[in-house]
Amino acid sequence: MRISYLASEAVPWPPRKGELLPRHDEPVGIEKKLRGYCLALDHKDGGSKANGFLTMLGIDLTAIGYLDRHIRIGITDNPISEVRQKKAEAFDCAVYIRIPGIGRYSHRSAWVLTVWQLDTPGSQPRFITAIPRGRKKR
Amino acid sequence: MTITRADIAEYDVVALLKEVEGWPAGTRGHVVMVCPTEMCVEVADERGEEADVVYAPPEDLRLIEKWPPGGPKKAGD
């Protein structure tokens, strides 16, 4: 993977697996995406994911604050599990972080795969999606 | 129907027209982020056991359904 540096900031780019999400204390877009997509039971096809959040983790729209809060906490505690650059010469990349132990009830918790967009070095991470027990295709 | 960048909005349902990162043509997904040249699409298998986010240019996608049908919801953040 190409590693480049900005002369002005000397920040290694892109971030690497094992590191914390850059600017993890300033994520944007979490509530909007949770409300409009991840937890929207009426979304065509996507409603199945909202059902997954409900059946696996006991989380629905009434618990959006719980999930929002645990995602924000989770990205400060858990390292990047994968970084994907879309094009070799592009700065933007997608960053994957697994957050364990999410669930409103002790007997219904699991890890949640979160995906973040980083547009440029130094930009705030934009929340793309969250997938309960998300497992990549191999 | 082949689509262009202007046809796609966040949360629309699309299908892959060609294989992308191991996901076969025909796989359905949701546009979870609109980027300048590519669409970020969340895809999953039929059982929902495997899921991922892939990037594809709009010409490699087929629009299945606009979402929501009545226009975008207003949601603050």
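**Reading strands, sheets and a core**

Analyst: Let us begin with contacts in chain B: among those with a separation of 6 or more, 45% join residues 24 or more positions apart. Please note that this is a predicted model.

User: Which elements does chain B contain, and in what order do they run from the N terminus?

Analyst: Chain B has five strands and zero helices, giving the order β-β-β-β-β from the N terminus on. Of its 77 residues, 35% count as buried.

User: How should I read the pairing of strands in a sheet?

Analyst: In general, the strands of a sheet pair through backbone hydrogen bonds, in a parallel or an antiparallel manner. In chain A, four strands make up an open sheet with the order 3-4-5-6, and their pairing is antiparallel. Strand 3 (82-85) and strand 6 (126-132) of chain A each have a single partner strand, so one side of each has no neighbour in the sheet. From one strand to the next, the twist averages 30°.

User: Over how many bridges do strand 5 and strand 6 of chain A pair?

Analyst: Strand 5 (residues 108-118) and strand 6 of chain A pair over six bridges, in the antiparallel sense. Within strand 6 of chain A, Pro132(A) is the residue opposite Val112(A). Helix 3 (residues 64-77) of chain A packs on the sheet and touches strand 4 (93-105), strand 5 and strand 6 of chain A. The direction of helix 3 makes about 125° with that of strand 4 of chain A.

User: Is strand 4 of chain B largely enclosed or left open, and why?

Analyst: Six of the six residues of strand 4 (residues 51-56) of chain B are buried, so this strand is largely enclosed by the rest of the structure. Both of its faces are covered: one side carries Ala51(B), Val53(B) and Tyr55(B), the other Asp52(B), Val54(B) and Ala56(B). Strand 3 (residues 39-44) of chain B runs antiparallel to strand 4 of chain B, and six bridges join them. Here Cys40(B) stands opposite Tyr55(B).

User: Which residues touch the most other members of the largest nonpolar core?

Analyst: As a general idea, nonpolar side chains tend to be buried together in soluble globular proteins. In this model, the largest nonpolar core has 50 residues, and Trp116(A), Ile128(A), Cys40(B) and Val41(B) touch the most other members. Strand 4 of chain A gives the most to this core, with six residues. Leaving aside neighbours within four places in sequence, the contacts of Ile128(A) include Ala94(A), Val115(A) and Trp116(A) in chain A, and Val32(B), Met33(B), Cys40(B) and Val53(B) in chain B.

Notes. Residues numbered from 1 in each chain as written. Chains lettered and ligands numbered in written order. Predicted model: local features only at pLDDT ≥ 70, side-chain atom pairs only at ≥ 80, totals over all residues. Pairing = 2+ DSSP bridges. Helix = DSSP H or I, 4+ residues; strand = E, 2+ residues; numbered from the N terminus. Axes fitted to C-alpha atoms, helices over the stretch in contact; angles between N-to-C directions. Contact = placed C-beta atoms within 7 Å. Buried ≥ 20, exposed ≤ 12 C-beta atoms within 10 Å, placed from the backbone. Core = buried A, V, L, I, M, F, W, Y, C linked by C-beta atoms within 7 Å.
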